[in-house]
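Subject: Handover of a structure and notes on its contents

Dear colleague,

Please find below the structure that I am handing over to you. My notes on what was found in it follow directly after.

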Amino acid sequence: MRDELPQELLLAIQRVLESDNRQQDSLDTIAFNLPSALNEYFPNEAALAHLEDVQEQLRDSERSLQEEIESLRRELQRDQDEGRMQLIQEMISDLLGQISRIREKATESEAVVRDITKDIQVLDLAKKNLLYSMKILRRLQAMVDGLAHLEDMVADKKYNEIAHTLASVKQLSSEFKPFSTIRRVAQIWNRVQEVQGELRTMIEADFDAFILQDTSKAIKPTLVADACKIIDILGPEIRSPLVDRYLEAGRVFPTDWRVGWYLFARFIEITRDDLASLLSKAGSTLTVKLHEMLVATARTSSHIPKSLSSAFNPHMGVFIDAQDKAFSDMLAPHRRLGGMRTEDSEQPVASVMQSSTELFYFYGQSLEQCAKLSTGAPLYDLANLHRKWLKIYAEDVILGSLKRPVVHSTIPRKSTEARFDMEQIRKAALALNTADYCQTTALALEENIRKKIDPEFKEKVSFQIECDLFINSVSTSITSVLRELEVAVDPAFSLMMRTSWMTLDQVSGPSAYTAEIMRNAELVTEGVKPLIEQRKYLRNFWDKTCGLLLVKFTNSLVRSRPLGDVGAEQLLIDLQTIKAWLQASAGRVLGNPWVCLGEMTSWLEILLKVIVTPADPPEGFILNYTLLVGDSSFSNFQKILDLKGTPKAEQNHMLDTFLTITSTKDELKTTSFLTSLDMDPPTTSPLGGLTSSPKSGKVALPFGDNAFSGFSSPPTSGPPTGSSTPDCKREVFADFKRFVSFGLRRDSTAPV
């Protein structure tokens, strides 16, 4: 017998399988379509040029097919050999015979195994039935003993002991229900049901006696409580009718009596008193988990005159302390980082600090929770806690974000190089927006608390101090941006102070420093514009920007004296250039022209116009001073002479002439904008005068009703030069020594 098929047969089968998987050519398909085949070979007119190639390809295909046909014909002739067919048939017959013999042997083996295990299966089944019978008999004996014991306890009315025994007997009886066809089992099962019926009758009678308060059959509450345990074991089919029986008795009362409501209220009062007692005993051991109990009692007793949650009022300090810790934990990372946290560079930049929205979200949650529990003193304590953390947030987070990190730079800085920190400007703008958001939201929080809190606490709730802190934070943020602006323009003003104005012999176009001032200031202002959300704060920033630039210009002008006539004229051109830039920039930053600029620069223009006036003749110079400045102050006129660079020898004559002319002009005032002009301006930053509250539109400007008042530093000793009291009567010769000096000079001078 052969163990495998002939090799030729295996190869033939393989060729058939491969031919099925081979993709057929359009010429090999049974449903051959001549037009489609031609279109496939000649898709366009250009393909006709390859006609000979196609013909050669078809001839090759024809030869290949012919060879394949011849090969298949030879294989067919070989496979049809009678000797080979006879051999295959013999192999198949032999294979079928072997299969038949294997099947017969398997049947015989199965019969032998069955005979061997037959006795074992019978013994195993007998053992299983025996064990089960013993188990059932033990349970039956236990049920019989339990039933006997139960009958004795029912006779003695021992409800407390009946509950446990009844549960065991009832569970055992449920297991014997399938054996109810057995007479003895049926008798025992029926007796269990009878005992349960007897218990039900006894308990109902005791309930009636207890509810009706029958003095002849006094029933103790403990007995009824034990009876309730038995009813729970008997099941809902016994408990529900008993409950309904006593609920129907309540229907005899009129609806407007609200008996059910009072019954529920009484239940709440008893429970509340028990809770208050337990909480008092717990004392300091109470934990924040008390909050879960508070929420639960608020949900279940919100319509009761004195709810369950009132028992927790004396202990609401636990809730307040927990909120305090939650606020502390939430703000801890922000306080360490000064409000600035590392942000994802791919995320859009927020307009306010994320911590501020998180804080007020926490505030809203704690307010809603506390209001559900109590609207009295605990809610007032929570409001004070909110105030506490608003103050901490303003001081540690918002203002903390404005603190500059200490950076030790080893790179030398040129005196004319402007280095301002754009990142510091972004921080300041973020702090400003956050402070404004907190101030607005704090007012809304105050109003919300006032709506929820009891009337006795309503007037005590105020967040005004905290709102003022946020307003001050806004002002500090604006000042922080102004400091960067000052850093940007300081090199240009330093160049202005180093210029020798007195040596100029002619004026030209705007000085080089003005272009630096305008360029660097524009970098700062254009960078600030998209960062500040509220227009009112943007305008406040612009007011202070103009004030800062004009103060810096004035101080640099004073410190670079003497100016001379030509120098003053050049400075007047520079002032007009800066003024024009400020006016144009106001339109870009604020969206509309700035009408206050002319008033702010008018006094500077007057100062320079007075200095530009030729000192010869003196009478004309003094007359121009009185017309433009309009005061008779000796010290103010001396300031003009110092700024102009008048030689000391000529100043005495000019001062004498000034006193002579002004003594006859009663309409002149004793003070003017020059009174507050500090001839020794401080070298420190003038931003101290620019920190007025952003709530008002006024800022301390270099000229106005009280010119330079916001920027002049107090003298180290004695009154300032040219100081006078505005409300006093004008006195030309207020100084006796000056009067004597004037008289001596008049006597020694020839009459004109």
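I begin with a proline: Pro 562 is located in the loop that lies between helix H18 (535–559) and helix H19 (564–590). Please bear in mind throughout that this is a predicted model.

Peptide geometry

The bond that joins Arg 561 to Pro 562 is a cis peptide bond, and its omega is about 5°. A further cis peptide bond runs from Asp 616 to Pro 617, with omega near 5°. Pro 617 is likewise a loop residue, placed between helix H20 (597–612) and helix H21 (618–628).

Lys 157 occupies the loop between helix H4 (82–156) and helix H5 (159–175). With a relative accessibility of 34%, Lys 157 counts as partly exposed.

Salt bridges

How many salt bridges does a search of the whole structure find? The search returns 25 salt bridges, and I describe some of them here.

In helix H3 (residues 51–79), Arg 59 and Glu 56 lie three residues apart, about one turn of the helix. These two residues form a salt bridge in which the closest N and O atoms are 2.8 Å apart. Arg 59 has a relative accessibility of 38% and therefore counts as partly exposed, since the class lies between 20% and 50%. Glu 56, at 36%, is also classed as partly exposed. The pair belongs to a network of salt bridges that links Glu 56, Arg 59, Asp 60 and Arg 63.

Helix H3 holds another pair, Arg 73 and Glu 70, again three residues apart, about one turn of the helix. Their side chains meet in a salt bridge with an N to O distance of 2.8 Å. Arg 73 is partly exposed at 40% relative accessibility, and Glu 70 is partly exposed at 31%.

A salt bridge is also found between the side chains of Glu 198 and Arg 191, where the N to O distance is 3.4 Å. Glu 198 has a relative accessible area of 35% and is partly exposed. Arg 191, with a relative accessibility of 24%, counts as partly exposed as well.

Cysteines

How many disulfides does the structure hold? The number is zero.

Cys 438 is buried, with a relative accessible area of 0%. Cys 228, by contrast, is partly exposed, and its relative accessible area is 33%.

With kind regards

Technical notes
Residues are numbered from 1 along each chain as its sequence is written. This is a predicted model: local features need pLDDT of at least 70, side-chain atom pairs count only at pLDDT 80 or more; totals for chains, interfaces and linings use all residues. Side-chain values use heavy atoms; hydrogens and water are left out. A salt bridge is a side-chain nitrogen of Lys or Arg within 4 Å of a carboxyl oxygen of Asp or Glu. Helices (H or I, at least four residues) and strands (E, at least two) are DSSP runs, numbered from the N terminus. Buried means under 20% relative accessible area, exposed over 50%, partly exposed in between (1.4 Å probe, protein chains only). A disulfide is a pair of cysteine sulfur atoms within 2.5 Å.
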